[in-house]
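Keep the points grouped by topic.

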Amino acid sequence: MFTLCIELYSYRRQQNPILFTKPKVTVHVTTVTVRLKRRSFLPCISKEELPPYYQPWMDITLRIPELVHSHELRSHINKMPLLSSKFLQKHRELRLAHLALSMMTMGYVWQEGENDTVEVLPCSLAVPCWEVSQRLGLPPILTHADGVLANWRKKDPEGNLELLVRLPGGDSVQGFFLVTLLVELAGVPAVRSIPTVINGVKCGDSEAVARALEDISQSVQDMTDAIKLMQVYVDPSVFYGIMRIYLSGWKDNPCMPKGLIYEGVQTEPLEYSGGSAAQSSLLHCFDELLGIKHEAKNGDFLTRMRSYMPPAHKQLIQDISLQPSLRNFVQQQANEQLNQAFQVCVTKLLAFRSYHINVVSRFITVPAARARQLRNQSRDLEEAMISRAPSALEERGTGGSGIMTFLKSVRDQTKIAFLSETSNNMNL
Ligand code: HEM
């Protein structure tokens, strides 16, 4: 019997829950609210959970945008005491500590933009960041598991959400991380249905497999609906001109070709990719389940992104990959309902990836083209903001990939998963 190795949260569908509000606009979307169990994909963390000993970390972390703006973050971190990580005990404390330390790291490195980065992260930050990372099995840099999965709390009993820790970029930062969180939440029913699919394949129960695939399709559709909120809550100029650099890493990044020395940890510089939703476990799980294989270079990138996930997520993906092939099962059964359910599932995943390419075009490709045009002749504030965006990242994602070639190839490989006889009927 295949069971989920990670305890997921239970969820409840509601007609119109208010997810979070934007000044003057309250958005109602048909998606999910959550009741959390203790250990889940999305740990519910509150600021109060770190012991008071760690107040010097939180004092700085909660002021990152303001201290970056006044160019004082680095000096505050340079004066920060070197604290022992041994008083952090619970998993949630460690996750909150990792969130705080990795957010400070991003602010420290990128405070002055791409032209005045640092070569060394001071030991008061580097040492605890390294130690906490080792204990969690995460890299010592901001990951999707920090900025999205562990960076929220309920703001009020109605279910509105807010971030715990912010980066520069105002409301767009909140919008970016929380909309991504909504995509994660929308994907929960799909992950919960995966064991049903696997067990159905093992027992030869086509009907159960078909029903579970239909649930997965609905959930992926909900993910696509959720990602559409990005354009409501995030301003592309702010994303591209201000926020994006703070998500960037020091691997495959021309403005930090040598990587970063973590003082007190190692004398040689280390290289890490920045935060990216390519580190989300969801699509990795779906690809493994549906038998979607990526081309060598892209596959290597995506596999590398798994080492930026919490180990239990990585393990879950690995476990799914080791199960009997769903695709073979569907082909052998020659059952129309099952065939159809499988095809719809691939179609929905393809639609998510196609819409995601749209999002990337709106938030990166279009502003990058405008930035190139305006770099030497900025006129108004919005233009100035875009033209100050780091040029090294025009063609690269924060995870370090060559963006459009990568994303289009990943999408095209998804199409290959269609069962051949019916793909013609689906007009693709
Ligand atoms: C403004 C919003 C977003 C932008 C600009 C964006 C940008 C990118 C970029 C540039 C990549 C290439 C990998 C890299 O180097 O980082 C990527 C990959 C990826 N992104 Fe996003 N992304 C956004 C939102 C999201 C959201 C909300 C999700 C949902 C979880 C998501 C899921 C993925 C996935 C799964 C990949 C890996 C490629 C794939 O499996 O199709 N992205 N994204």
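The model is predicted. The ligand contains an iron atom, which has a single donor from the protein, H356. The space that the ligand takes up is the largest cavity, and 28 residues lie around the ligand.

**Iron site**
- The protein donor to the iron atom of the ligand is NE2 of H356, at 2.1 Å.
- H356 is located in helix α16.
- A polar side-chain atom of H356 also lies 2.8 Å from a nitrogen atom of the ligand.

- The side chain of R353 has a polar atom 2.7 Å from an oxygen atom of the ligand.
- In the side chain of S276, an N or O atom is 2.8 Å from an oxygen atom of the ligand.
- S276, R353 and H356 are also among the residues that come nearest to the ligand, and G399 and S401 complete that group.

**Make-up of the shell**
- By residue class, the shell around the ligand holds 19 nonpolar residues, eight polar ones and one charged one.
- Four helices each supply at least two residues of this shell: α7 (171–186), α13 (296–306), α16 (336–374) and α18 (403–416).
- Helix α16 gives the largest share, with seven residues.

- D252 has a phi near 55°, which is a positive value in a residue other than glycine.
- The position of D252 is in the loop that runs between α11 (236–243) and β8 (261–262).
- The loop between α15 (326–333) and α16 contains A334.
- A334 has a relative accessible area of 61%, so A334 is exposed; the cut-off for that class is over 50%.

Technical notes
Residues numbered from 1 in each chain as written. Predicted model: local features only at pLDDT ≥ 70, side-chain atom pairs only at ≥ 80, totals over all residues. Heavy atoms only, no water. Near = heavy atom within 4 Å. Polar contact = N/O pair within 3.5 Å; in protein donor to acceptor, adjacent residues only side chain to side chain. 1 Å grid on protein atoms, 1.4 Å probe; cavity = no way out; pocket = protein on both sides within 12 Å on 5 of 7 lines; lining within 4 Å. Sits in = over half its atoms within 2 Å of the grid points. Nonpolar A, V, L, I, M, F, W, Y, C, P; charged D, E, K, R; others polar. Buried < 20%, exposed > 50% of the residue type's maximum accessible area, 1.4 Å probe, protein only. Donors = N, O, S within 2.8 Å, 3.2 Å for Na, K, Ca; no water.
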